[in-house]
Each structure stands twice: as structure tokens, then as C-alpha cells.
Amino acid sequence: MSEALERIQSAISGNRICIFMKGNRNFPQCGFSAATIQIFEEIGTPYGTVDVLSDPEVRDQIKAYSNWPTIPQVYIDGKFIGGCDIIRELHETGELETIVKSSSAQPAAR
Amino acid sequence: MMEASVLQQIIERGIPGAYVEVRDTTGGGDHFEALVVSDKFEGKGLVERHQVVYAALGDAMREAVHALALKTLTPAQHQNRR
């Protein structure tokens with residue numbers, strides 16, 4: 001397994017909510033990453049981030065790993081949830097909060 | 001750089017029978033928003049639906065398009081929104 005793939009997998013398994021983004025939570029480098037972070041801040045749940053701009057190999061490989069061509073990408077409990085549009089849509093319908101709360105209420109099944 | 005109408009044709013070709021609207025959000029030919037309505041989305045989650053559209057776009061998604069805001073609906077969902 002490539003080292004970049006290991007970094008991807010350890011980020012996903014090490015953070016219940018893991019956001020692959022451009023920049024970091026304080027200085028997002030892209031409007032879509034910023035919007036995604038903003039939603040998790042609103043929900044008020046802890047999350048981890050991976051800055052793909054500072055790790056070009058991860059930036060390249062996460063797209064194939066998730067079969068998803070764009071950044072940001074959000075994983076919750078090891079499962080790919082979606083990019084910015086999907087997170088927005090799930091937030092509008094309230095489903096995102098349900099996913100976040102249900103997974104925090106019980107230890108992640110692996 | 002790409003015309004919204006070209007992007008629309010690429011999606012329509014990749015998802016036969018789909019109703020597609022594409023708007024160039026900045027006028028710069030690389031930021032778009034698209035509405036795609038297709039019965040192929042029935043029974044699929046949002047991730048799978050978006051993957052269907054990304055697959056239809058193929059290389060266009062990797063090269064010409066910087067950002068694409070996607071809305072994917074089944075025909076029934078689209079009816080309900082009117």
C-alpha cells in the first residue's frame with residue numbers, strides 16, 4: 001500500500017468525522033471547503049481535517065479512493081458521506097445532524 | 001473553459017433520457033451549477049447519484065470544470081418541487 005493511501009486510511013479511522021479539504025479550519029483555501037467547515041461548526045461537533053494542498057499525493061489519491069473528483073470530501077464513521085453539495089443538502093433536511101448524533105451516541109461499528 | 005450548453009450536452013449524452021439544466025455561475029466558463037433529473041436516480045443515495053453524473057462528465061470534470069454544484073432529482077422529486 002502506498003504511503004499516501006496509509007495517510008488517508010489513518011485519517012479516516014482516526015477521526016470519527018474526517019474532512020479532506022483545501023486549507024485548514026481556520027484558513028480554508030476554497031469556498032466549498034469553507035462552506036463545509038461552517039456547517040460542522042454550526043452543528044457544533046468535533047471533526048478532524050486533512051489539508052490536501054499540503055499533501056499533493058493525498059490530494060491525488062483521495063479522488064480515486066472515494067471515486068469522487070472534487071474536494072472537500074467528508075467521511076463519518078469510515079463511510080464516505082459526500083462533498084459540499086451533499087453536506088449542504090443533508091444539513092438542510094436535518095439528516096446530517098441525525099447522522100452525526102447517531103454515530104456519536106454509539107461506538108462506531110467496525 | 002467550457003460553454004454551459006456543451007456541458008449540458010455531455011451530461012445528456014451520458015445519461016440518456018435525463019432532463020438537464022446547466023448554468024455558468026460566474027460567466028468564466030469553469031464554475032457551473034447543474035440540475036439533473038433522471039429515473040436512473042431511483043433508489044440511489046446522493047453519493048451514487050452524483051457519481052453517475054461525474055461518470056457522464058468523464059474527462060470534462062477533471063480538466064475543464066473547476067466547480068460544479070449538483071442537484072440530482074428523480075422525476076417524482078422534480079414534480080414535487082414545482
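Visitor: Which residues touch the most other members of the largest nonpolar core?
Guide: This is a predicted model. Its largest nonpolar core holds 26 residues. Those that touch the most other members are Ile19(A), Phe20(A), Val52(A) and Ile87(A).

Visitor: Which element gives the most to this core?
Guide: Several elements of chain A each supply at least two residues, among them α1 (3–14), α2 (31–43) and α5 (95–105). Strand β1 (17–21) is also one of these elements. With five residues, the most is given by β1(A).

Visitor: What does Ile87(A) contact, leaving aside its neighbours within four places in sequence?
Guide: Ile87(A) is among the residues that touch the most other core members. Its contacts beyond those neighbours include Thr36(A), Ile39(A) and Val74(A).

Visitor: How many residues are in the second, separate core?
Guide: Ile15(B), Val22(B), Ala56(B) and Leu68(B) are included in that core. Its residue count is 18.

Visitor: How many residues lie between the strands in the hairpin of β3(A) and β4(A)?
Guide: Three bridges join β3(A) to β4 (residues 79–82) of chain A, and the two run antiparallel. Ile76(A) stands opposite Lys79(A). Asp77(A) in this hairpin takes a positive phi near 50°. The number of residues between the strands is two.

Visitor: Which are the edge strands of the open sheet in chain B?
Guide: The sheet has three strands in the order β1-β2-β3, with mixed pairing. From one strand to the next, the twist averages 15°. An edge strand here pairs on one side only. The edge strands are β1 (19–24) and β3 (67–73) of chain B.

Visitor: What is the bridge partner of Val20(B) in β2(B)?
Guide: Strands β1(B) and β2 (residues 31–37) of chain B run antiparallel. Six bridges join them. In β2(B), the partner of Val20(B) is Val36(B).

Visitor: What angle does the direction of helix α1 of chain B make with that of β1(B)?
Guide: Helix α1 covers residues 4–14 of chain B and packs on the sheet. The strands it touches are β1 and β2 of chain B. Its direction and that of β1(B) make an angle of about 155°.

Visitor: Which element gives the most to the side of chain B that touches chain A?
Guide: The contact takes ten residues from chain B and eight from chain A. By class, the chain B side has seven nonpolar, two polar and one charged residues. Elements giving two or more residues to that side are α2 (46–57), α3 (59–63) and β3 of chain B. With five residues, the most comes from α2(B).

Methods:
Residues are numbered from 1 along each chain as its sequence is written. Chains are lettered from A and ligands numbered from 1 in the order in which they are written. This is a predicted model: local features need pLDDT of at least 70, side-chain atom pairs count only at pLDDT 80 or more; totals for chains, interfaces and linings use all residues. Two strands pair if DSSP finds at least two bridges between them. Helices (H or I, at least four residues) and strands (E, at least two) are DSSP runs, numbered from the N terminus. Axes are lines fitted to C-alpha atoms, for helices over the stretch in contact, and angles run from 0 to 180 degrees between N-to-C directions. Two residues are in contact if their C-beta atoms, placed from the backbone, lie within 7 Å. A nonpolar core is a set of buried Ala, Val, Leu, Ile, Met, Phe, Trp, Tyr and Cys residues joined through C-beta atoms within 7 Å. A residue is buried if 20 or more other C-beta atoms lie within 10 Å of its own, exposed if 12 or fewer, and partly exposed in between; C-beta atoms are placed from the backbone. Ala, Val, Leu, Ile, Met, Phe, Trp, Tyr, Cys and Pro count as nonpolar, Asp, Glu, Lys and Arg as charged, and the others, Gly among them, as polar.
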